[in-house]
Amino acid sequence: MTSVVPARSSAELIDAEEPVLAHNYHPLPVVVARAEGAWVEDVEGRRYLDMLAGYSALNFGHRHPALIEAAHRQLDRLTLTSRAFHNDRLAEFAERLAALTGLDMVLPMNTGAEAVESGIKVARKWAYDVKGVPADRATIVVAADNFHGRTTTIVGFSTDEVARAGFGPFTPGFRVVPYNDLEALEAAVDETTAAVLIEPIQGEAGVVVPDDGYLAGVRELTRRKGCLFVADEIQSGLGRTGRTLAVEHESVVPDVVLLGKALGGGIVPVSAVVARREVLRVLHPGEHGSTFGGNPLAAAVGTAVVELLETGEFQRRAAELGVVLREGLAALVGRGVVGFRSRGLWAGVDVDPALGTGREVSERLMREGLLVKDTHGSTIRLAPPLTITADELRGALRTVEKVLGRRD
Ligand SMILES: Cc1ncc(COP(=O)(O)O)c(C=O)c1O
C-alpha cells in the first residue's frame with residue numbers, strides 16, 4: 001500500500017463532516033483512505049486491522065483481486081440496463097446463487113433492507129395467492145431483539161426503541177416473540193401467518209447464537225403449520241459462520257433466504273431474495289421491482305462472489321480460524337471478558353463494564369490499531385475478513401488482551 005498525500009488531515013475531515021452530514025452515525029474517529037485485505041490505512045498512513053469488515057460486507061477482505069478484476073472487466077463493457085431489458089450477466093448470477101444456496105429462484109435487489117422488504121412482500125403475496133389467507137389479514141412472526149434494517153416497515157417491528165421512536169405510524173401485521181423460544185413461536189403462528197422471519201444468529205443483538213435445535217425446530221414448526229421460514233442471512237450468510245449459510249449448522253433449508261452485504265464483495269450493493277420456485281413464482285410483472293436490482297455490474301461482482309464461495313475455501317477458513325478466535329476469547333474470560341458468543345469468525349464479546357462501555361473499549365482498541373464496533377452496552381463485535389491469517393488473528397487477540405488488561 002502506498003500512502004496518499006492528504007489534502008486535509010483526519011481531524012479536519014471529521015470536523016468538516018459535522019455541519020454537512022446527517023448525524024445518524026457516531027463513527028470511531030478514524031478516517032480511512034485506503035485498504036487492502038484485512039488492513040486499512042488512514043489519511044496519515046496509520047494502519048489498522050479491520051476486525052469489523054463492514055458488518056460482514058467485506059467477508060473477502062478489502063479489494064479482493066478476483067472481485068476487483070470482475071468489476072473492472074464489467075465496467076469496461078456494460079454497467080446498467082434496468083430490468084426493462086435483459087442483460088447478459090444476470091442469468092448466470094441467478095443460476096449459480098440458487099445452486100449455492102440449494103434453492104431455485106432469485107429476486108435481485110440492492111441493499112439488505114430492500115431484500116427484507118422484498119421478502120416480506122413475497123411472503124404476504126404467497127399467503128394470499130397460495131395459502132388462501134383473506135385479503136390484508138396476513139401476519140409475519142418476528143423475534144425480539146431483531147435487526148433487519150432501517151425502513152419504516154422494518155423498524156416498526158424492531159424492539160429497539162432508539163431505532164423505532166419517532167418514526168411511526170408503522171406497518172401492521174407483525175407479531176413479536178422472544179428469540180430462541182419455540183413454544184412462544186408455536187403460540188404466535190396461526191392460520192393468518194405468512195412467514196416466520198428470523199436471523200439464524202442475531203448479529204446486531206450481540207451475535208446471539210440460538211440453542212442447538214432451534215433452527216431445525218423453526219423449520220419443523222413452519223412446515224407443520226403451513227407457513228414460510230424466511231431466514232435473514234444478510235449478516236450471518238456467505239461464509240461468516242464457517243458454512244455458506246448459518247442455517248446449514250442445523251442442516252436446515254428455509255423456504256426463503258435473504259442475502260446482502262458480502263454478496264456485493266465490498267464493491268457494490270447487491271442483495272437478493274432466494275427462494276423455492278413455488279414461493280417466488282407469486283410475483284408477476286409490475287408487482288415488484290428495482291431500477292438497479294440485477295444490474296450487470298452487480299451481477300458480475302455477485303457471480304465472482306459466488307465463485308469464491310463455490311471453492312469452499314472461505315467457509316473452511318472461517319471454521320478453522322473460528323476455533324482460534326473462540327479459544328483466544330475463552331482464555332480472556334475472567335480477564336476483562338465476562339462472556340462471549342461466537343460461531344466461525346464472528347463473535348460478540350461482553351466486556352467487564354468496569355472497563356468501560358463498548359464504545360470506550362472500541363476507541364482504546366482503535367488507538368492500538370484494531371478496528372471493532374460496539375453493539376449494546378459493553379458488548380463489542382468481532383467479525384474480521386475471512387481472509388485474515390491465523391497470525392493476524394492471534395495478534396488481534398493479544399491487542400484485546402492488552403487493552404482489557406489495563407485501565408486508562
Ligand atoms: C441481519 C440483517 N438484516 C438486514 C440488514 C440491513 O442491511 P442494509 O444495511 O444493507 O440495508 C442488516 C444490516 O446490518 C442485517 O445485519
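Me: A salt bridge here is a side-chain nitrogen of Lys or Arg within 4 Å of a carboxyl oxygen of Asp or Glu. Which residue does D212 form one with?

Reply: D212 pairs with R343, and their closest N and O atoms are 4.0 Å apart. This is a predicted model, where local features need pLDDT of at least 70, side-chain atom pairs count only at pLDDT 80 or more, and totals for chains, interfaces and linings use all residues. Residues are numbered from 1 along each chain as its sequence is written, and side-chain values use heavy atoms, without hydrogens and water.

Me: How is the chain divided?

Reply: Into domain 1 (10-63 + 313-404) and domain 2 (65-310), with bounds from an automatic or database domain assignment. Their centres, taken over C-alpha atoms, are 26 Å apart.

Me: How many residues does each put into the contact?

Reply: Domain 1 gives 28 and domain 2 gives 31, counting heavy atoms within 4.5 Å.

Me: How many salt bridges cross that interface?

Reply: The rule finds two between domain 1 and domain 2.

Me: Which elements of domain 1 touch domain 2?

Reply: Those supplying at least two residues each include α2 (53-56), α12 (313-330) and β11 (337-342); helices (H or I, at least four residues) and strands (E, at least two) are DSSP runs, numbered from the N terminus. α12 gives the most, with four residues.

Me: Switching topic, what order do the strands of the open sheet take?

Reply: The four run β1-β2-β3-β13, with mixed pairing; a pair needs at least two DSSP bridges. β1 (32-36) and β13 (370-371) are the edge strands, each pairing on one side only.

Me: In which sense do β1 and β2 pair?

Reply: Antiparallel, over four bridges, with β2 spanning residues 39-42. R34 stands opposite E41 in β2.
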